[in-house]
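Please take a look at this protein chain with me.

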Amino acid sequence: AFKHNVVPASSPLSIQISARGNELTVTNNLQERSFKEASTGTGLYNLNKRYLHICGQEIRIIRKDSIFSVTLPLLNEAS
């Protein structure tokens, strides 16, 4: 969230973390930087591949209006 958004004092970045059932969701408001940081663009892609390998489930990424959200399946010891 910090890498991809501007965080001025007049408009703080808001990050919510919630758990529901067997999922953890991290949501933030979008305040995208006009200048993009150097990035390989593989962070969420790699995270998704790891979840597929470990538990056979994909993560969910939602970008809607001014909100960005990532939902992760919670892992148990059997995973």
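Glu 23 has Pro 73 of strand 4 standing opposite it. This is a predicted model, so keep that in mind as you explore the picture. Strand 2 and strand 4 run antiparallel, and seven bridges join them. Strand 2 covers residues 23-29, while strand 4 covers 67-73.

## The other side of strand 2

Which strand pairs with strand 2 over six bridges? That is strand 1, and the pairing is again in the antiparallel sense.

Four strands make up an open sheet in the order 1-2-4-3, and their pairing is antiparallel. Which strands are at the edges? They are strand 1 (15-20) and strand 3 (60-64), each of which pairs on one side only. From one strand to the next, the twist averages 15 degrees.

## The helix and the chain order

The chain has one helix to go with its four strands. Helix 1, made of residues 43-55, lies across strand 3 and strand 4, and it runs at about 25 degrees to strand 4.

Return to strand 1, where Ile 15 is found. Together with Ile 17 and Val 26, Ile 15 makes a nonpolar surface patch of about 250 Å². Why does Ile 15 count as partly exposed? Because its relative accessible area is 38%, and partly exposed covers values between the under 20% of buried and the over 50% of exposed.

## The chain in numbers

How much of the chain counts as buried? Of its 79 residues, 20% do. The chain exposes about 6100 Å², and carbon and sulfur atoms supply 53% of that area.

Contacts tell you about the fold as well. Take those between residues at least 6 apart in sequence: 51% of them join residues at least 24 apart.

Notes. Residues numbered from 1 in each chain as written. Predicted model: local features only at pLDDT ≥ 70, side-chain atom pairs only at ≥ 80, totals over all residues. Heavy atoms only, no water. Pairing = 2+ DSSP bridges. Helix = DSSP H or I, 4+ residues; strand = E, 2+ residues; numbered from the N terminus. Axes fitted to C-alpha atoms, helices over the stretch in contact; angles between N-to-C directions. Contact = heavy atoms within 4.5 Å. Patch = residues over 30% accessible without salt bridge, like charges linked within 9 Å, V, L, I, M, F, W, Y side chains within 5 Å. Areas by Shrake-Rupley, 256 points an atom, 1.4 Å probe, with all protein chains shown as cover. Salt bridge = Lys/Arg side-chain N within 4 Å of Asp/Glu carboxyl O. Buried < 20%, exposed > 50% of the residue type's maximum accessible area, 1.4 Å probe, protein only.
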